[in-house]
Each structure stands twice: as C-alpha cells, then as structure tokens.
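My plan is to look at the overall build and then at how the parts meet.

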Amino acid sequence: MRPLLPHFAATLALLATVPSTTASIERSNLLPTPPMGFNNWSRFMCDLNETLFTSTADAMLKTGLQAAGYTRLNLDDCWMATQRLPNGSLTWNATKFPHGLPWLSSHLRSLNFTLGIYQDAGNMTCGGYPGSYGHEAIDAATFTSWGIDYLKLDGCNVFPSAPHRTLEQEYRARYALWHQILSSQSHPLIFSESAPAYFAATGNNTAWYEVMDWVPRYGELARHSTDILVYVGEGSAWDSIMVNYGFNVLLARYQRPGYFNDPDFLIPDHPGLTLLEKKSQFALWAAMGAPLIISAYIPALPAEVLDALRNPRLIAVDQDPLGLQATLASRSAGVDVLTRSLANGDRLVAVLNKRNQTVSTEVSVDRLGLDARCAYRAQDLWDGDVRTVQAAVALELESHATAVFRVAIPPGCGEVVPTGIVFNTASGRCLTAGGAEVGFATCDASDGQIWRVTAAGTLQPLSSPGLCLTAEAGRVSLLACRGGDAQAWSYAVTGNLKNRRTGECLTEGSGLLSACLFETNSQVFGLPSGVALV
C-alpha cells in the first residue's frame, strides 16, 4: 500500500516544532536493532551494588548469554549519592560502588560489555535521588566521561514550568533538550525515554499518542506504559506481562529501525511464572522486535530458562534488520495470532494461547498474507523442526504458551499482502464485514474481521474477497471492487485511516466516517504488519 499521509494542521504544527538536530529514526545506525542485556530494577529495585553487576557480567559470560547477544548492563534508580557535588555534578553512592562508576564501566568494557545508567527528567528520581532538571548538560557530560553509552530517562516529578504549558508540552520540552544535548555529542548515548508511560491508561489516548509521535525522533526506544511487576510486587506476574503486551500491540505503527517500542523487562526468574509463561514472554517480545533486557538474578537462572533466553532462532527474529513489529493477524477471546515480515522475505507467525487450558487451533496461510495454493516450509523456532504447510498451520497449545514459526515463501508464490485485523486501539473492537454491511464488533477471529490491504490502498475482507471498503454518501459500506478514490485509503502514523475521495477518516461510530480529528479515540486504528506509512 502506498498511501498519502494525511496533512492535518495539528500534525504540521507538531512537526514544525521538532528541533533541527539529527533524530533517532534518521540515524538508525546508532541502534539498528533492539538492545539486549540486563537491568537490576524489576528483580532488585534499589538493592543494587558493584558486586551485583560484576557477578552478573561473570554469569553472562559463563552461561553464554553474552555470546547470544546480551551485552548491555544497565543501572537503574538509586545508584547515586543523595546530594550533588559542589560543582553541580552527580556522583555515585560510594558504599554501593566502592571502586566508582568509571571503574565499573572500564571493567565491563574489558569483558566486552557496556554500562548504561538511569536518570530522571524531574528534579528528583522516582526513588527520591537528585533528578536532571536544570542539570541536563552537566549530567550528560558526566555520564560520557564515565564511559556510559546508554541513558534511561524516567519521568517522575515533572510539572509544567511555564504558564499555559500543558504537561505533555513540558515532557516534550525536557526530552527535546536531552535529545539536543545527546545529539551534539561525538558519540551520542542511546536514549531510552520513559515519557509515554506517564500518559498511558488514562481512558483518553490522545495525549499518549501525542507523546508517542515525538519519542521516535528524540530517542532510540521508549517505555510506553506500566512497569512490569517487580519480584516482590503483589499481583499476577502473568497478568502484568499481558497488560504490557496489550499496550505494545497498540503501537506497532511507530516502530522502525532506529526506534523500538519497549514493553519493559523480561522477568524469567519471577516466582509467579511457570516455565511456559517465562518462555511465552520471551517469544512475544522477540516476535514484536522489543528490547530484550533481562531483570533477574542471572547467576541462579536454571538451565531450561537459559536455553530459552539463548534461543538463536528467536533472537534472530528479534534482531531482524527490517525492524518491524509483529501485528495482530487475528484475535479472539482465547487466541492471538501475530504476523510480521522478515528481512530475507520470510513471514513470521506467533500464536499466543491466553486461556487457562490447552487449545487446539489452526492458522490459515491466507491470514498470513500468503497464497493458499502454495506449499510452504515452516520452521518451529522453539525446537528448529521444519514442517511443510499447505492451507493452514495446525497447533495444540498449552495454557499461556506461545508458538512461533518462520515461514519461507517459495519462488512463484507471489508477494506478501498485508493481512490481519483493523481494530480501534481505544475500544479494542474489530472492523467487521457482514454481507455488504460493515461495522465494529468484538474481535472473534472470523473471516469477516480479517482484511487484505492491497498496494492500491483497498481493504478487502477474507469473507468477501471481491468486495472493497468504500466511502460514499457519508457512510462506509462494502461494494464490488472497481478501483477509484472511494475505495482507496491511506494510513498515517497518527493511526488515522483516511479515504482518498472524501478526505474523511474511518470512525468507530454512526456511519463509520467523519471529519478527520487529531488522534481522537474513535479514529485511531491498528492495521496489519507491512502497511506503508508514507
């Protein structure tokens, strides 16, 4: 699909205020694939020290995690002294880090690891330590002088600092300043932004999406939603994983090489998870091309967990240079199917069983955007076994398990056509075809909810392949595909699906078509993987 990006006045105003410095998605070589490594927070919170990091590095070497690609060790909150030095610079807690952070950075570099660090955009960190506000330049210079190459910037204690400035504008100003400072360095730090997390789950997604619009231009990854459950936290660890997974699938349109959506840490030693649930989190994060940052006591990880974390086939998917995020091919109350194209032309399919019991299911190849007349070679990425698939992939999945297959497309079977659900990211409801009518309904994985998005910008349901989504007379319906602007739709990074003829946007509500607004809940949609954003 080669649509035109809708030119809303609000979007143009937003772009006009972006600093002229080089942006993350314009210098994708800084972080071309998602980061892999360790962070202490979810497992240890403020109980971090020098020994934890040196012993973790030793364990990552011994267990082969480093060789598998986990090369970053990142400090989180509470690493610093409670007061700045007289010259205004930060310093480390000398009890926790007796040799100092420059020594730790040098020691880790000698082992072929890198050291990352945490700070906050407010005047205090979430843990009550000195924040960066008013000290951004000296903090950046300090971190660089210590050999740090990665900064996680949190967003606690941020308040509007100027009259008539909204909270979203305040976050943008502070993160933009950090972006300018880091971009001016000869060796910029990788910039992990936590700003979107402070606007998630409010009921009205507009401000959240406003923040998401600018984070890909300021940094290399962004923590977009709730924190994953910590080791000592109350509640269900699996439910926490599902919550963050649920946020992540709303944001696939933002991801590309140089910027990655971050649904938070892998927690593979959490006592509330079964082995299948630990493996499922890893598989989902890899399928979505998410950062693989482990927060666990790595020296004590059992062999079966280490085997999962080192899985070379899933790591190759996570690190695929095309940089796409898997999107929903179908969704029902019990099973999610996600698909994604890979750089060599293969098609990825991941199937998540959300139910509390074993399910038997199958995924037809036409739901993968493939020609159902062909036979395909599908590799199970858990065990490496290969099967020949024609018509459908049949599966039996235990509770909370995730299967992942890599499907090779043989010569003569045509190109992938982006195929999957079109869903409202606020309500979660799916665009549904029923005869000549179309509306929104609870997602049930029926053929009427699976849409093929062609290069001409048409949307055709699998249930009625000869019909196309059409905007006419102030409403949306399904009519025989005939070409023309009434059946051509463009998809913007704002999530709007705009009709070329009317200039109006698909809207969940009466008539399904109305004037295009800026990221209002009823007009922001998730579309299948591979639909172009132009």
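**Overall build**

I looked up the secondary structure and found twelve helices and 29 strands in the chain, where helices (H or I, at least four residues) and strands (E, at least two) are DSSP runs numbered from the N terminus. The radius of gyration is 23 Å, close to the 24 Å that the globule rule gives for 534 residues, so the chain is as compact as a globular protein of that length; the radius is taken over C-alpha atoms, and the rule is 2.2 Å times the number of residues to the power 0.38. I also noted that the C-alpha trace spans about 75 × 55 × 40 Å along its principal axes.

I must remember that this is a predicted model, in which local features need pLDDT of at least 70 and side-chain atom pairs count only at pLDDT 80 or more, while totals for chains, interfaces and linings use all residues. Residues are numbered from 1 along each chain as its sequence is written, and side-chain values use heavy atoms, with hydrogens and water left out.

**Domains**

I wrote down domain 1 (35-325), domain 2 (328-408) and domain 3 (419-526), with bounds that come from an automatic or database domain assignment. The C-alpha centres of domain 1 and domain 3 lie 36 Å apart. Their contact (heavy atoms within 4.5 Å) takes twelve residues from domain 1 and 14 residues from domain 3.
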